[in-house]
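Please study the structure shown below together with its sequence. The paragraphs that follow lead through it step by step.

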Amino acid sequence: MVNYPKGLFAGQTAIITGSGQGIGAEAARLFAAEGANVVIADVDATKANDVASKINSSGGRALAVPGDIMNEAYIPDLVKKAGEFGNGKIHIIINNAGYTWDGVIHKMTDKQWDTIVALHCTAPFRLVREAARFFRVKDGEPRVIINISSTSGIHGNAGQANYALAKAGVVGLTKTIAKEWGPQFGVRANTIAFGYIMTRLTEAKEKGAFVTLPDGEKVALGIPTAQQAAKGQGPVAPTYPDIPLRRPGSATEAAGSILATCSPYMSYVSGQTIMVTGGRNI
Ligand SMILES: NC(=O)c1ccc[n+]([C@@H]2O[C@H](COP(=O)([O-])OP(=O)(O)OC[C@H]3O[C@@H](n4cnc5c(N)ncnc54)[C@H](O)[C@@H]3O)[C@@H](O)[C@H]2O)c1
């Protein structure tokens, strides 16, 4: 048994989308270790339940609410269950669920475009809108919304017109939340844009990871090894020449930046885009 301290987020309730694995799962573990009640929202029910049961069996408090964030009917259910789990309060939303579906502009289909925009922009908007009644409150307790972006959204990336647009979109959503809900309610909203973080999204595509769309179509995840090698990344003798720290970040490091941004030590930081990139693109 881990002896969880009261922690930075004691008594607060956090919804983390895409927390069945990768950065979201690490964030769930770290938030729980800091005393938060964590709602594990992921389309992969097995992984969501596993993350929640590991947290619960090590002395933390987690609730898995599996479902597809692109399914409109799931969002009210998620918010309702999170509110009940948090005894009527939700303090933190981390809009993290996501994946890439790459293609060059002249070959990208409407379906690729619409799916990625729905996943990274429409779903976070709907979740924040649904949870408004838990954030537009004056109870003296902190409220923070984090939207996860990417260097692709800030700088663009060849082969990722859909993802770059969607990840740029959340920057505007974040700033709007900060301006609408900051003045009266003290809600902070920040974007965190990751660079190269080691998860299945940045592993070799040849490893065969995929997501299955509701209609059964499979979308392959990862980056082709040859494409990675051309950039000095990937499994073959990587040098990471464009990253000043000369290495990718771990999911734990990425999650740590989410916690840091939600923490009271960042209580005067709102509307910002925080780059977590090892210095890439400076
Ligand atoms: N890994 C990187 O280098 C990197 C870089 C920049 C931004 N990001 C962003 O970070 C976030 C987390 O990515 P990750 O690298 O941890 O990926 P990951 O694949 O390890 O985890 C993402 C999780 O989101 C879940 N998910 C996907 N679609 C969903 C849906 N429709 N409904 C609910 N859950 C869904 C998946 O099941 C998975 O558990 C994403 O938004 C991603 O775009 C990652």
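In this predicted model, a polar side-chain atom of Lys-167 lies 3.0 Å from an oxygen atom of the ligand. Thr-199 also reaches the ligand through its side chain, where an N or O atom is 2.6 Å from a ligand oxygen. Ile-23 takes part through its backbone instead: one of its polar backbone atoms is 2.8 Å from an oxygen atom of the ligand. The ligand on its own would expose 820 Å², and the protein buries 97% of that area.

Which residues of the shell are closest to the ligand? The shell holds 29 residues, and the closest are Asp-42, Asn-96, Tyr-163, Thr-199 and Arg-200. Several elements supply at least two residues each to this shell, namely helix H1 (22–33), helix H4, strand E5 (144–150) and helix H7. Strand E5 gives the most, with three residues.

The largest nonpolar core has 42 residues, and the members that touch the most others are Ile-69, Leu-78, Phe-135 and Ile-145. Two or more residues of this core come from each of strand E2 (37–41), helix H3 (74–85), helix H4 (110–130), helix H5 (132–135) and helix H7 (161–185). Helix H7 gives the most to this core, with eight residues. A second, separate core contains 33 residues, including Ala-14, Ile-16, Ile-94 and Ile-192.

Charged side chains form another set of links. Side chains of opposite charge can pair when their charged atoms come close. Across the whole structure, a search finds 15 salt bridges. One of them joins Arg-126 and Glu-72, whose closest N and O atoms are 3.6 Å apart. Arg-126 belongs to helix H4, while Glu-72 is in the loop between strand E3 (61–64) and helix H3, so this pair ties together parts that are 54 residues apart in sequence. Arg-126 counts as partly exposed because its relative accessibility is 22%; Glu-72 is also partly exposed, at 49%.

A further salt bridge is formed by the side chains of Lys-111 and Glu-217, at 2.4 Å from N to O. Lys-111 is in helix H4 and Glu-217 in the loop between strand E7 (210–212) and strand E8 (218–220), and the pair links distant parts of the chain, 106 residues apart. Lys-111, with a relative accessibility of 31%, is partly exposed, and Glu-217 is partly exposed with a relative accessible area of 31%.

Asp-242 and Arg-280 form a salt bridge as well, with their closest N and O atoms 3.0 Å apart. Asp-242 lies in the loop between helix H8 (225–230) and helix H9 (251–262), and Arg-280 lies in the segment after strand E9 (273–276), so parts 38 residues apart in sequence are tied together. Finally, salt bridges that share partners join Lys-89, Asp-139, Glu-141 and Arg-143 into one network.

Key. Residues numbered from 1 in each chain as written. Predicted model: local features only at pLDDT ≥ 70, side-chain atom pairs only at ≥ 80, totals over all residues. Heavy atoms only, no water. Core = buried A, V, L, I, M, F, W, Y, C linked by side-chain atoms within 4.5 Å. Buried < 20%, exposed > 50% of the residue type's maximum accessible area, 1.4 Å probe, protein only. Helix = DSSP H or I, 4+ residues; strand = E, 2+ residues; numbered from the N terminus. Salt bridge = Lys/Arg side-chain N within 4 Å of Asp/Glu carboxyl O. Near = heavy atom within 4 Å. Polar contact = N/O pair within 3.5 Å; in protein donor to acceptor, adjacent residues only side chain to side chain. Areas by Shrake-Rupley, 256 points an atom, 1.4 Å probe, with all protein chains shown as cover.
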